[in-house]
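Please walk me through this structure, one part at a time, as someone who has not seen it before.

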Amino acid sequence: MTTDIDLQSAIAALDEYGYDKKVSTDLEQARNKQQMGKYIKSLDYSLRRLLILQETVNELVEEKKHQLAQQENIQTYKTKIINLSREFNISYDEVLALMAASQSKS
């Protein structure tokens, strides 16, 4: 019987912990603009600090966009090499070797 009570207490505690995580103002839990805004307001930053935060976020966003564009370009390039290897019925590595050889001739 005590194990049932202990189990019920443990489940109740886990439920409460999950609820607290959902309604907390923690930035890690913020998933939308409203939640993030609520968190930032809770910091009570001055205008100067908010402007610094804005600049930092803008820089991070641009960096992330650049990284994603690079990844997309690399994937496109790899797909083109795969298509060439299929078209000429040669391996991926052979296509790369031919490209490197033609590049060194130039």
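In this predicted model, the helices α3 and α4 are roughly perpendicular to each other, because their axes meet at an angle of about 105 degrees, and an angle of 65 to 115 degrees counts as roughly perpendicular. The axes of α3 and α4 lie 8 Å apart where the two helices pack. On the side of α3 the contact is made by Tyr77, Lys78, Ile81, Ile82, Leu84 and Ser85, while α4 contributes Tyr92, Val95, Leu96 and Met99.

Ser85 is buried, because its relative accessible area is 9% and the limit for a buried residue is under 20%. If residues up to four places away in sequence are left out, Ser85 touches Ile90, Ser91, Tyr92 and Val95, and two of the residues named here, Tyr92 and Val95, belong to the α4 side of the helix contact. The side chain of Ser85 also reaches back to the backbone oxygen of Ile82, at 2.7 Å.

Between these two helices runs a loop, and Asn89 lies in that loop between α3 and α4. Asn89 counts as exposed, because its relative accessibility is 71% and exposed means over 50%. The backbone of Asn89 has a positive phi of about 55 degrees, although this residue is not a glycine.

A positive phi is also found at Asp44, where the value is near 55 degrees and the residue is again other than glycine. Asp44 sits in the loop between α2, residues 33–43, and α3. With a relative accessible area of 67%, Asp44 is exposed.

Moving on to the rings of the structure, the charged end of Arg49 sits over the ring of Tyr45, 4.1 Å from the centre of that ring. Aromatic pairs are another matter, as a search of the whole structure finds zero of them.

The last stop is Met36, which lies in helix α2. With a relative accessible area of 37%, Met36 is partly exposed. Once its neighbours within four places in sequence are set aside, Met36 is in contact with Leu27 and Ala30. Met36 and Asp26 stand 10 residues apart in sequence, and their C-alpha atoms are 8.6 Å apart in space.

Technical notes. Residues numbered from 1 in each chain as written. Predicted model: local features only at pLDDT ≥ 70, side-chain atom pairs only at ≥ 80, totals over all residues. Heavy atoms only, no water. Buried < 20%, exposed > 50% of the residue type's maximum accessible area, 1.4 Å probe, protein only. Polar contact = N/O pair within 3.5 Å; in protein donor to acceptor, adjacent residues only side chain to side chain. Contact = heavy atoms within 4.5 Å. Phe/Tyr/Trp six-rings, centres within 6.5 Å; stacked < 30°, edge-to-face > 60°. Lys NZ or Arg CZ within 6 Å of the ring centre and 35° of its normal. Axes fitted to C-alpha atoms, helices over the stretch in contact; angles between N-to-C directions. Helix = DSSP H or I, 4+ residues; strand = E, 2+ residues; numbered from the N terminus. Parallel < 35°, antiparallel > 145°, perpendicular 65-115°, else oblique.
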